Amino acid sequence: MEAARYPDGSILYPAHPLGPEGQEPVEMVDLSDYHATVVTWTTSTATPPGVREPNHLAIVEFHVDGESVRAIGQLTTGDVEIGDTVEPVYVPELRDPDAGIREPESQSWDGYRFRPVE
C-alpha cells in the first residue's frame, strides 16, 4: 500500500506523479505498516465477475506523521463498525483472475484487505 509524501507534507494514496502543488513525491510511505480507522463501510451483493459475494468495502483513514490519508478497499469481514481500528493485510487475489473478460496476465490481482484489530 504505497502512498507518496510531497514537499508540502501531504500524503496521497494511491501515489500520484504530482502532488497538490504540482511537485513530485519526496518519499514513499508504506501504509501497510499503519493501522487505520473505519470512516464508513458497506456491503455489496451485486459484485463484478470474480469478486466474492457479499463484498464488504470500507473507506478507512490512516494517520501518518500528523497527516490524514484515506483509502478504500475490501474488508476481511462484515463484522465492523464505524470507528473500528483495522490493519491492511496482503492477499494474493482480490478477485478470481479467470472470471470476467480480462486476460489474467493483463493486470495484477493482488492487494490489501482491511482486517479488524482485536
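Which residue stands opposite E2 in β3? It is D30. Keep that pair in mind as we start. One caution before we go on: this is a predicted model.

Strand β1 covers residues 2-5, and strand β3 covers residues 27-30. The two run antiparallel, and 4 bridges join them. E2 and D30 face each other in this pairing.

β1 also has another partner. That is strand β2, residues 11-12. Again the sense is antiparallel, this time over 2 bridges. Look for A4 here: its bridge partner in β2 is L12.

Now the turn. β1 and β2 form a hairpin, with 5 residues between them. Find G9 in that turn, where phi is positive, at about 95°.

Is S10 buried or exposed? S10 is buried, because its relative accessible area is 13% and the cut-off for buried is under 20%. What does its side chain touch? The side chain of S10 makes a polar contact with the side chain of D8, at 2.6 Å.

On to the barrel. How many strands close into it? The count is 5, in the order β4-β5-β6-β8-β7. The pairing is mixed. From one strand to the next, the twist averages 45°.

Strand β5 runs over residues 55-64, and strand β6 over residues 67-75. They pair in the antiparallel sense, with 8 bridges.

Last stop, the largest pocket. It holds about 220 Å³ of space. Which residues line it? They are M1, Y13, N55, L57, I72, G73, Q74, L94, Y112 and F114.

Where do they come from? β5, β6 and β8 each supply at least two residues of this lining. β8 is residues 111-116. The largest share, 3 residues, comes from β6.

To recap. β1 pairs with β3 and also with β2. The barrel closes with 5 strands. Three of those strands to revisit are β5, β6 and β8, each giving at least two residues to the lining of the largest pocket. Thank you.

Methods
Residues are numbered from 1 along each chain as its sequence is written. This is a predicted model: local features need pLDDT of at least 70, side-chain atom pairs count only at pLDDT 80 or more; totals for chains, interfaces and linings use all residues. Side-chain values use heavy atoms; hydrogens and water are left out. Two strands pair if DSSP finds at least two bridges between them. Axes are lines fitted to C-alpha atoms, for helices over the stretch in contact, and angles run from 0 to 180 degrees between N-to-C directions. On a 1 Å grid over the protein atoms alone, a cavity is a set of points where a 1.4 Å probe fits but cannot get out, and a pocket is an open set with protein on both sides within 12 Å along at least five of seven lines; lining residues have an atom within 4 Å of a point. Grid points are joined across faces, edges and corners, and a volume is the space filled by probe spheres set on the points. Buried means under 20% relative accessible area, exposed over 50%, partly exposed in between (1.4 Å probe, protein chains only). A polar contact is a pair of N or O atoms within 3.5 Å; within protein, one must be able to donate a hydrogen and the other to accept it, and residues adjacent in sequence count only if both atoms are side-chain atoms.
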